[in-house]
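Welcome! Here is a short briefing to read with the model open beside you.

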Amino acid sequence: MNTESVNFIKDHALILKEKYNESLAKINEADIKGEDSSFYKGQSFAYYDALDLIKSQVEAFGYNSKEVNLVVPEFGKQAT
């Protein structure tokens with residue numbers, strides 16, 4: 001995989017992980033306030049699904065997902 005593609009995937013995955021973590025924080029905030037967190041749970045799942053899909057595609061094209069630092073977290077846990 002060329003350097004530009006690797007950097008694109010790394011950046012995209014990083015942004016998705018940040019958004020995923022933000023959605024988990026919003027779930028916790030809503031739960032603490034006694035508010036409905038359904039929207040944030042759906043948002044969290046969407047970011048998780050996008051990360052998992054990118055990882056699957058990288059591997060389907062024969063590349064190593066670790067090369068682009070693409071590790072999908074356990075759902076509901078913070079991404080690192």
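What percentage of the 80 residues in the protein chain is made up of buried residues? Buried residues make up 30% of them, where buried means under 20% relative accessible area, exposed means over 50% and partly exposed lies in between, with a 1.4 Å probe and protein chains only. This is a predicted model, in which local features need pLDDT of at least 70 and side-chain atom pairs count only at pLDDT 80 or more, while totals for chains, interfaces and linings use all residues. Residues are numbered from 1 along each chain as its sequence is written, and side-chain values use heavy atoms, leaving out hydrogens and water.

**The whole chain**

- The secondary structure comes to two helices and zero strands; helices (H or I, at least four residues) and strands (E, at least two) are DSSP runs, numbered from the N terminus.
- Along the principal axes, the C-alpha atoms fill a box of roughly 50 × 20 × 15 Å.
- The accessible surface of the chain is about 5500 Å², and 52% of that belongs to carbon and sulfur atoms; such areas come from the Shrake-Rupley method with a 1.4 Å probe, and for residues only the protein chains shown count as cover.
- Taking contacts between residues at least 6 apart in sequence, 62% join residues at least 24 apart; contact means heavy atoms within 4.5 Å.

**Helix α1**

- With 31 residues, α1 reaches 45 Å from its first C-alpha to its last, close to the 45 Å expected at 1.5 Å a residue; the expected span is 1.5 Å times one less than the number of residues.
- The buried residues of α1 include Val6, Ala13, Leu16 and Lys17, and what covers the buried residues of this helix includes α2.
- Asn21, in helix α1, is buried, with a relative accessible area of 16%.
- Not counting residues up to four places away in sequence, Asn21 touches Gln78 and Ala79.
- Ile27 also sits in helix α1 and counts as buried at 11% relative accessibility.
- Leaving aside neighbours within four places in sequence, Ile27 is in contact with Ser37, Tyr40, Lys41 and Ser44.

**Helix α2**

- The 23 residues of α2 should span 33 Å at 1.5 Å a residue, and the end C-alpha atoms are 32 Å apart, which agrees.
- Ser44, Tyr47, Tyr48, Leu51, Ile54 and Val58 are the buried residues of α2, and their cover includes α1.
- A search of the whole structure finds one salt bridge, meaning a side-chain nitrogen of Lys or Arg within 4 Å of a carboxyl oxygen of Asp or Glu.
- In this salt bridge, the side chains of Lys55 and Glu59 meet at 3.9 Å, N to O.
- Lys55 and Glu59 both lie in helix α2, four residues apart, about one turn of the helix.
- Lys55 is partly exposed at 25% relative accessible area, and Glu59 is partly exposed at 40%.

**The nonpolar core**

- The largest nonpolar core has 16 residues, and those touching the most other members are Ile9, Tyr20, Leu51, Ile54, Val58, Val68 and Leu70. The elements giving two or more residues to this core are α1 (3-33) and α2 (38-60), with α1 giving the most, seven residues.
- A nonpolar core is a set of buried Ala, Val, Leu, Ile, Met, Phe, Trp, Tyr and Cys residues joined through side-chain atoms within 4.5 Å.
- Beyond its neighbours within four places in sequence, Val58 is in contact with Met1, Ile9, Tyr63, Asn64, Ser65, Val68 and Leu70.

- Phe61 lies in the segment after α2 and counts as exposed at 62% relative accessibility.
- Met1, Phe61 and Tyr63 form a nonpolar patch on the surface, with about 310 Å² of accessible area together.
- Patches are made of residues with over 30% relative accessible area and no salt bridge; like charges are joined within 9 Å, and nonpolar side chains (Val, Leu, Ile, Met, Phe, Trp, Tyr) within 5 Å.
- Gly62 follows α2 and has a positive phi, near 85°.
- Asn69, found in the segment after α2, has a positive phi of about 55° although it is not a glycine. Most residues other than glycine have a negative phi.
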